[in-house]
Amino acid sequence: MSNLQFRGIKFRIHLLFWGVIALSLAAGYFIETITLFVIVFIHELGHIAVARELGWTVKEVQFLPFGGVAIMEDEAASAPLDEIVIALAGPFMNIVMIFFSLLFWRFGWWTEEWTRFFMMSNWLIAGFNLLPIWPLDGGRIVQAILCFRLPYRTAALGTLGMSVLLAGILLGSGLFFHHINSVVVALYLLFVNVEAFLRFPYHFIRFLMDKYARLEEEERMHPIALHGATSVAGACQELRRGCQHMFIVKGMSGGILTEERLLYALLVERRHQHPISSLLT
């Protein structure tokens with residue numbers, strides 16, 4: 001990938017994207033392809049602007065042959081509502097661009113044909129990104145909604161599983177209808193989700209570390225009742241995004257266990273398989 005740096009954000013352009021540019025130039029669709037790139041760029045700027053406003057750290061933006069992906073540091077342990085707002089910021093920018101294209105056509109600055117192309121491109125990019133497949137905006141929204149009701153680990157793995165299924169359906173449809181673009185996109189989404197599933201244990205530890213680092217920032221308290229024989233690792237799997245937890249330990253040696261003590265036992269003391277009741281003494 002080609003790398004560019006601007007205001008602390010790395011912009012990475014995939015090598016295949018340059019191939020698409022070359023093919024579009026050869027086919028006489030260079031202006032249309034560059035326009036699509038600009039639309040994707042503005043779409044990603046929407047994510048970046050809102051993420052920074054909410055205090056998130058944007059690491060990089062990857063431009064792929066079929067779109068872009070913004071990579072952020074704070075998504076795992078942050079409040080689910082923040083991620084929903086950030087995810088919707090991209091499609092919102094597409095709606096803003098559609099509004100301005102109609103305005104330009106109304107004033108006679110754009111032709112009807114170009115306005116129709118620009119509007120359709122925005123609708124397609126917004127619609128594609130809202131597919132409920134991670135890491136697209138729609139998949140992130142689905143995961144965030146699940147995080148309101150489920151532990152983060154359950155919501156994240158459930159989203160990845162659903163994404164693999166939907167990407168498989170997209171692949172099958174592309175093969176059946178001989179649609180090469182759908183096949184390529186589906187293969188990429190399958191690869192990304194399978195890789196995310198394999199790397200999830202590492203990602204989950206990062207989630208726990210982020211939660212431990214921001215405990216003082218969490219205002220909402222969520223109680224969880226667990227039996228004292230539950231392991232430290234098992235208790236950590238019940239943690240949710242955007243809130244702090246108080247564990248009600250049941251059993252003969254029960255009591256109240258704080259999230260800080262639990263995370264310290266896992267991350268610092270490495271007491272993964274110890275029962276949580278042992279943390280009360």
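## Aromatic pairs and the aromatic cluster

Tryptophan 114 is partly exposed in this predicted model, with a relative accessibility of 23%. Phenylalanine 117 is likewise partly exposed, at 25% relative accessibility.

Across the structure, the count of aromatic pairs comes to 13. One of them joins the rings of tryptophan 114 and phenylalanine 117, whose centres are 5.1 Å apart. The planes of these two rings meet at 40°, so the pair is classed as tilted. Another pair is formed by phenylalanine 99 and phenylalanine 100, with ring centres 5.5 Å apart. Here the planes lie at 75°, and the pair is therefore edge-to-face. Phenylalanine 100 is partly exposed, its relative accessible area being 38%. Both phenylalanine 99 and phenylalanine 100 belong to one aromatic cluster, which also contains Phe104, Phe107, Trp109, Trp110 and Phe118.

Helix α4 covers residues 112–129, and leucine 130 lies in the loop between α4 and α5. With 38% relative accessibility, leucine 130 counts as partly exposed.

Once neighbours within four places in sequence are left aside, leucine 130 is in contact with Pro91, Asp137, Gly138 and Ile141. The C-alpha atom of leucine 130 is separated by 9.6 Å from that of glycine 90, although the two residues are 40 residues apart along the chain.

Leu54, Leu81, Val85, Ile145 and Phe148 make a nonpolar surface patch of about 430 Å². Two helices, α3 (residues 80–106) and α5 (residues 137–149), each supply at least two residues of this patch.

Leucine 54, one of the patch residues, is located in the loop between helix α2 (30–53) and strand β3 (58–64). The relative accessible area of leucine 54 is 37%, which makes this residue partly exposed.

## Valine 58 in strand β3

Strand β3 contains valine 58. This valine is buried, with a relative accessible area of 5%. Valine 58 and isoleucine 9 are 49 residues apart along the chain, yet their C-alpha atoms are separated by 6.4 Å.

## Helix α10 and its cover

Helix α10 runs through residues 259–267. Its buried residues are Glu259, Leu262, Leu263, Ala265, Leu266 and Leu267.

## Cysteines without disulfides

The structure as a whole contains zero disulfides. For cysteine 236, the closest cysteine sulfur is that of cysteine 243, at 14 Å, and this is too far for a bond. Cysteine 243 is in no disulfide either, since a disulfide requires sulfur atoms within 2.5 Å and the nearest cysteine sulfur, in cysteine 147, is 10.0 Å away.

Cysteine 236 is buried, with a relative accessible area of 0%. Cysteine 243 also counts as buried, at 0% relative accessibility.

Note on methods:
Residues are numbered from 1 along each chain as its sequence is written. This is a predicted model: local features need pLDDT of at least 70, side-chain atom pairs count only at pLDDT 80 or more; totals for chains, interfaces and linings use all residues. Side-chain values use heavy atoms; hydrogens and water are left out. Buried means under 20% relative accessible area, exposed over 50%, partly exposed in between (1.4 Å probe, protein chains only). Helices (H or I, at least four residues) and strands (E, at least two) are DSSP runs, numbered from the N terminus. Patches are made of residues with over 30% relative accessible area and no salt bridge: like charges are joined within 9 Å, nonpolar side chains (Val, Leu, Ile, Met, Phe, Trp, Tyr) within 5 Å. Accessible areas come from the Shrake-Rupley method with a 1.4 Å probe; for residues, only the protein chains shown count as cover. A salt bridge is a side-chain nitrogen of Lys or Arg within 4 Å of a carboxyl oxygen of Asp or Glu. Contact means heavy atoms within 4.5 Å. Rings of Phe, Tyr and Trp (its six-membered ring) pair if their centres lie within 6.5 Å; planes under 30 degrees apart count as stacked, over 60 as edge-to-face and the rest as tilted.
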